[in-house]
Amino acid sequence: MSQHAANGFASRVKVLNLDNMNPNVRKVEYAVRGAIVQRALQIEKELKEGVKKPFTEVIKANIGDAHAMGQKPITFLRQVLALCTYPDLLEDNKFPEDAKQRARRILDACGGQSIGAYSTSQGIECIRQDVARYIEKRDGGIPSNPDNIYLSTGASDAIVTVLKLLVCGEGRDRTGVMISIPQYPLYSAALADLAAVQINYYLDEDKCWSLDIAELKRAVNAARQYCNPRVICIINPGNPTGQVQSRQCIEDVIRFAEEEHLFLMADEVYQDNVYAEGCKFHSFKRVLFEMGPKYSTTVEMASFHSTSKCYMGECGFRGGYMEVINMDPEVKAQLTKIVSVHLCPPVPGQALLDMVVNPPQPDEPSYNTFMKERTAVLADLAEKAGLTEQIFNTVPGITCNPVQGAMYTFPRIALPQKAIDKAKEEGLVPDMFYCMKLLEEEGICLVPGSGFGQREGTFHFRMTILPPTEKLKIVLQKISEFHIRFTREFS
Amino acid sequence: MKQFQHAVLARRANQIKEELRQGMRKPYKELIDVCMGDPHRAGVKPLTFVRQVLAACLYPQLVDSDKLPEDVRQRAQMLLQACDGGSVGSYTATGGISQIVHRISEFITRRDGGAPSHPEHIYISPGSQWALMNILNVLVNSEASPRTGVLTPMPCYSTSNLSMIGLGAVAVPYSLCEEQGWELQVEELHRALKSAKGVCKPVALYVINPGNPTGHVQSRKSMQEVIRFVSEKRLFLLADEVYQDCVYGEKSEFVSYKRVLSEMGPPLSDTVELASFHSASKGFMGECGLRGGYVELVNLDPAVMKYIHTLFSRDSCAPVLGQFALDLLTNPPQPGDPSYPLYSEEIQHIQATMVHNVKRVFEVVNSLPGICCQPVEGGGFGFPRLHLPPKAIQKAKEMGMQPDVFYCIKLLEEAGVFVSPGCEYEPKEGTYHFRFCIMVPGDVMEDLLRRLSSFHTQFMKEFS
């Protein structure tokens with residue numbers, strides 16, 4: 001190889017580089033696992049290597065991961081999964097009969113009686129049947145067809161799949177997707193990736209993050225100038241905001257979707273996480289059908305659920321499903337084709353989901369323990385939700401709406417102008433600057449509100465309410481003290 | 001149209017399974033379902049060590065019980081300690097649990113004769129196809145004009161093709177040479193690339209080694225030619241190596257693209273951009289349902305890597321059990337470990353069965369008129385070629401079907417053998433094949449070959 005040729009190689013431009021890579025991917029961001037988390041991981045590494053810091057551990061209150069924060073798995077769920085994984089345990093009398101029965105049923109539905117076999121892309125049929133029955137029971141008997149149920153690799157997978165299906169068109173005809181501000185950044189990431197038009201509708205912070213139809217109308221009308229609005233996404237209970245929508249509000253949204261001819265995506269993964277007095281989860285499907293045939297036969301909808309949240313908190317299994325309502329059969333055929341490229345959702349996640357929709361009944365041996373564990377988890381979360389709101393609201397400069405549901409608090413923080421200027425100097429948005437400083441000084445990792453979207457000129461952070469109560473109290477105290485210190489430093 | 005026909009076949013197979021379950025009389029007692037590359041479905045047993053470790057991780061009470069061997073308990077303990085909160089229910093880091101990613105990296109280095117591997121360049125995903133999709137997503141600009149092209153083998157694994165098309169890429173087929181055992185010939189790569197002029201802008205070359213559906217195992221020489229080709233033509237190399245543990249031919253040996261690249265030395269080893277894919281779905285483990293795969297990225301632009309990381313982060317993380325499966329794949333029991341004797345026995349049995357299966361496939365299929373197949377050197381499938389009589393082709397056309405679909409439907413109905421028609425794999429025009437999984441127990445293979453022989457003989461008679 002001549003020197004000249006070798007030099008040619010050394011200075012050559014990469015085959016895949018910033019200029020020729022998919023430009024849409026360059027716009028994708030996902031704050032929940034973004035820059036601040038990378039820094040947190042780096043700090044953790046430094047701590048492990050013995051570097052001295054003002055704290056001994058990094059508390060990762062950035063991600064809705066209950067088990068990571070010490071929440072225990074539900075015994076029954078894990079027993080069934082262990083039995084499915086290593087069927088020799090079916091001979092072990094330490095496992096209860098109801099767990100064994102469910103394991104046998106699942107294994108019978110698996111190819112070669114193994115959870116290692118592929119399932120159909122849509123998910124194991126008997127599990128989809130169980131999901132449909134669960135939905136019917138939850139929704140007061142409104143029928144659910146297993147053919148409309150698609151099991152998925154977490155709810156996120158199903159959400160991205162539906163968006164892929166819905167986004168089309170060019171220029172002014174490009175699909176517009178309405179999403180709440182603040183929103184869970186999976187949506188904005190998916191929309192960027194698909195080069196869809198993101199249509200923001202603002203939740204009302206002063207009214208407990210409630211949704212206002214006038215605001216929806218404003219947003220959609222403005223959007224019609226430059227795109228083709230076809231979808232509205234709503235997260236209920238809300239992430240990051242934690243609001244639980246009233247029944248009236250849900251009816252209004254359905255009416256809006258019908259009037260504006262929009263596909264409704266209802267992200268309901270936190271449906272069991274409802275804490276506030278007077279708040280109740282109403283499924284979009286149930287409300288839709290109770291509004292009568294004008295809506296129930298016409299509004300096209302997909303609702304999403306997951307095994308990652310609620311009382312299970314089994315994020316690592318990547319289990320979830322969606323139910324599609326009133327979807328055009330030809331579009332549904334395309335949907336079935338799209339899901340086939342992922343082959344199938346993880347079978348253990350499917351099995352786990354089956355347990356969630358098919359839990360121990362009152363007459364079964366595992367019932368008491370199961371209910372005790374489930375109740376304890378949800379009660380614990382409710383207590384922490386109340387505690388969080390209470391403590392943050394005692395701090396001047398932090399305003400915290402009630403955490404009605406889900407797993408997060410999204411308080412508003414008042415930042416002095418000097419801090420905003422300093423942030424700008426350092427090339428950071430102000431709430432990122434705030435959160436980075438908190439991370440460096442206290443070892444607490446939060447996600448800045450800018451990662452979720454917020455009204456111009458306002459700043460927030462999202463914190464999970466998941467650390468164990470005693471630790472949570474300490475975290476709340478440290479953040480409160482930090483905020484006061486920060487405000488003083490930049491006044 | 002082709003997707004529709006496969007769906008018809010799959011639907012009929014399900015119906016037949018149901019009919020058999022309800023006791024309907026048929027010329028066979030059960031369906032032999034060898035449509036997918038799914039060993040467990042066909043009756044191959046999971047590895048005991050793998051399932052014991054996973055069960056103990058799911059239900060840690062088992063870690064303390066003495067019902068499980070010591071090495072199982074130790075491994076479960078190690079894996080659980082690597083999880084946040086000690087639970088398989090926690091999310092993990094985007095690319096996978098750090099300890100596991102490191103161990104995969106060490107495995108790669110061992111496998112590749114010492115070629116260094118960087119953990120930061122490895123991403124664990126829910127199956128290898130998921131990672132392939134993400135990499136393709138970065139490569140393919142769906143709004144570009146001319147459109148992005150990817151050179152793909154002909155025939156090609158259908159799911160990969162579907163992913164590329166879904167992302168808006170143009171598949172640029174390069175024909176594998178059936179007469180030479182489905183060999184990849186570099187002249188054909190050149191021809192394919194030329195054919196793309198004015199049609200699309202090729203950015204990548206997709207290679208499957210060992211081949212799917214072909215079963216060909218590439219020679220080192222061939223791989224060197226491919227590497228020189230992608231370097232010269234400035235293409236990104238996508239190496240799908242999920243069948244690397246499935247090698248049967250006596251003269252065949254799997255060597256990874258990374259290793260060949262590394263051995264070719266600089267400047268190629270420092271500049272050729274490569275993504276290689278592996279999975280826990282195939283090989284001896286056959287754990288398709290756990291969805292554990294990974295991609296190793298070599299020589300990529302660090303700026304682009306940042307965006308790849310963000311893309312993977314949006315998917316949160318791969319299922320933890322799938323990640324564990326990869327740890328077990330890359331770090332199996334060693335001689336001296338309590339589980340080693342059983343583990344060794346199990347994998348030797350599987351290997352011997354596969355070697356025997358492909359030998360039998362070659363013998364039986366090639367003894368029948370109007371059908372032949374190349375030696376299956378590796379991979380998961382047999383891919384026989386059908387030389388259909390004109391009457392059969394005519395009948396198929398009358399019924400509005402591809403001829404190989406027609407054959408497969410009849411094979412399903414009359415013999416209870418469910419295979420997938422060759423047209424799904426985009427083979428050369430005017431050729432007919434079908435694909436069936438050879439990762440099956442020995443007695444299932446014998447039954448399959450018996451039914452196939454009998455059906456095929458009857459078919460040829462009927463349409464002669």
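**Close-up views of a predicted two-chain model**

**View 1. Strand S10 of chain A and its pairing with strand S14 of chain A.** Two bridges connect S10(A) to strand S14 (residues 461-464) of chain A, and the two run antiparallel; strands are DSSP runs of type E with at least two residues, helices are runs of type H or I with at least four residues, both numbered from the N terminus, and two strands pair if DSSP finds at least two bridges between them. A:Thr409 has A:Met463 as its bridge partner in S14(A). The model is predicted, with local features requiring pLDDT of at least 70 and side-chain atom pairs counting only at pLDDT 80 or more, while totals for chains, interfaces and linings use all residues. Residues are numbered from 1 along each chain as its sequence is written, chains are lettered from A and ligands numbered from 1 in the order in which they are written, and side-chain values use heavy atoms, with hydrogens and water left out.

**View 2. The open sheet S10-S14-S13 of chain A.** Three strands form this open sheet in the order S10-S14-S13, and their pairing is antiparallel. Strand S10 (408-409) and strand S13 (447-448) of chain A stand at the edges with a single partner strand each, so one side of each has no neighbour in the sheet.

View 3. A:Asp212 is partly exposed, at a relative accessible area of 39%, where buried means under 20%, exposed over 50% and partly exposed in between (1.4 Å probe, protein chains only). Ten residues separate A:Asp212 from A:Tyr202 in sequence, and their C-alpha atoms are 8.3 Å apart in space.

View 4. When residues up to four places away in sequence are not counted, A:Ser366 touches A:Phe76, A:Pro96, A:Asp98 and A:Pro360, a contact being heavy atoms within 4.5 Å.

**View 5. Chain B, with its helices and strands.** Chain B contains 18 helices and 14 strands. The radius of gyration of chain B, taken over C-alpha atoms, is 23 Å, close to the 23 Å that the globule rule (2.2 Å times the number of residues to the power 0.38) gives for 464 residues, so chain B is as compact as a globular protein of that length. Of the 464 residues in chain B, 67% are buried.
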